[in-house]
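Welcome, and please bring the model up in your viewer.

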Amino acid sequence: MAIYISLIKFTGAGIKSIKDSPKRAQAFREMAQKKGVKVRDIYWCLGRYDIVTILEGDDEAVAALGLTSGSLGNVRTETLRAMDQETFGRVLQNVG
């Protein structure tokens, strides 16, 4: 399965109800599971982004998860396709 990193920022509504964030994270895990996406980790952060998630799944499932999550109005997401060392090594075999 592909790996994705989601960089998440709270919206005004999300920060207004910040104390619900752990409960929303659990709901996110459950939503991800129903869509066939594995949530490896969720981290709350200081700085430019408020949350970082590490996900495993296919393009369509991860895209649907991000759009569904964003449509709830508490967060905005930016999702990156990531590669572990083994996958990147296979990519490098085709370089040149």
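Helices (H or I, at least four residues) and strands (E, at least two) are DSSP runs, numbered from the N terminus. What you have open is a predicted model, where local features need pLDDT of at least 70, side-chain atom pairs count only at pLDDT 80 or more, and totals for chains, interfaces and linings use all residues. Residues are numbered from 1 along each chain as its sequence is written, and side-chain values use heavy atoms, leaving out hydrogens and water.

Start with a cartoon view of the whole protein. You will find 4 helices and 4 strands, following the order β-α-α-β-β-α-β-α along the sequence. The C-alpha atoms fill a box of roughly 50 × 30 × 20 Å along the principal axes.

Next, colour by burial. Of the 96 residues, 35% are buried, that is, under 20% relative accessible area with a 1.4 Å probe, counting protein chains only.

Now go to the largest pocket. Here a pocket is an open set of points on a 1 Å grid over the protein atoms alone, where a 1.4 Å probe fits, with protein on both sides within 12 Å along at least five of seven lines; lining residues have an atom within 4 Å of a point. Select R24, A25, F28, S69 and V75, which lie nearest the centre among the 16 lining residues.

Which element gives the largest share of the lining? Select α2, at 21–34: it supplies 6 residues, the largest share.

Definitions and conventions
Buried < 20%, exposed > 50% of the residue type's maximum accessible area, 1.4 Å probe, protein only.
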